[in-house]
Amino acid sequence: METAVTEGRIEIRVFPDLESLSHEAVHIFVETSRQLISERKSFSVAISGGSTPRMLYTLLGSDQYRDTVGWKSIHVFWADERCVPPEHRDSNFRHAFESFLSKVPVPDKNIHRIRGEKGPEQGAQEYENELRRHFGMEGFPVFDLVLLGLGEEGHTASLFPDSTALNATVRLAVPAYRDRPDHNRVTLTLPVLSNALHAVFMVSGISKSRAIANILMQEQNRDRYPVEPIQSAGRNVTWLLDKEAAALLGTGRVCCSA
Ligand code: 6PG
């Protein structure tokens, strides 16, 4: 299926369950990377942590999909990372490495880990330097794909509602201070996430249904959600929802299982 990236399209797709949602996500990853690698020999993706994308990551490293991706031309970045060592159980890098990066032939130099263990400020600065080395010194990076999740209260990456990180308009990566030092994070900023050619949100579970309804249906209080600037940036945004997360959308939009 052609997955041509068209400017400014917001697509909502509802799947029966997380498994079918994850298979669609891996299809988007494979087809979008294949198309862009064939066009310009490179593909950059920023991935998220959390539990929702774990099946996707396992699929990417599986016998079924591993050899369908041009890994040697892919650059893997993170949308955010906790301020813990890479071997820590909470490390987003560790989850991705164990699920697929350790199983695919992506060159080490193409894995652009956020060094959260350096602490929120130094980690953010070093990541910004890495982003500048890869994408250039001018303007905001243009990721080919960003894979994002959604928290129950509407956060994405480590951009939480009402956090100061939302105010970053120049920096590419900033600290996200939380209630405890080991909960502090480093996150890409909204200008970077909004600049991606294609943002794919993977959202599963009834606990996300209220945030999904507010973001995708409510006109009045939509701008309190960090994802709004990503939605309205005029790029390609795809929402992959399971039925539970879409429960309050009220349109019975169950379509296209994988
Ligand atoms: C992270 C993610 C975060 C996540 C949401 C949803 O590092 O945890 O970047 O934004 O996507 O918290 O998490 P779940 O997928 O576990 O619901």
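How do the residues of the lining of the largest cavity divide into nonpolar, polar and charged?

Author: This is a predicted model, where local features need pLDDT of at least 70, side-chain atom pairs count only at pLDDT 80 or more, and totals for chains, interfaces and linings use all residues. Residues are numbered from 1 along each chain as its sequence is written, and side-chain values use heavy atoms, with hydrogens and water left out.

The lining of the largest cavity has five nonpolar, four polar and no charged residues. Here Ala, Val, Leu, Ile, Met, Phe, Trp, Tyr, Cys and Pro count as nonpolar, Asp, Glu, Lys and Arg as charged, and the others, Gly among them, as polar. A cavity is a set of points on a 1 Å grid over the protein atoms alone where a 1.4 Å probe fits but cannot get out; lining residues have an atom within 4 Å of a point. The lining includes Ser48, Thr52, Tyr57 and Met202. The volume of the largest cavity is about 40 Å³, taken as the space filled by probe spheres set on grid points joined across faces, edges and corners.

Now the ligand. Its shell holds two nonpolar, nine polar and three charged residues. Among the 14 residues around the ligand, Ser51, Thr52, His155, Ala157 and Lys208 come nearest; near means a heavy atom within 4 Å. Thr52 also lines the largest cavity.

Ligand oxygen atoms lie 2.7 Å from a side-chain N or O atom of histidine 155 and 2.9 Å from one of asparagine 92. For alanine 157, a backbone N or O atom is 2.6 Å from a ligand oxygen.

Conventions: A polar contact is a pair of N or O atoms within 3.5 Å; within protein, one must be able to donate a hydrogen and the other to accept it, and residues adjacent in sequence count only if both atoms are side-chain atoms. On a 1 Å grid over the protein atoms alone, a cavity is a set of points where a 1.4 Å probe fits but cannot get out, and a pocket is an open set with protein on both sides within 12 Å along at least five of seven lines; lining residues have an atom within 4 Å of a point.
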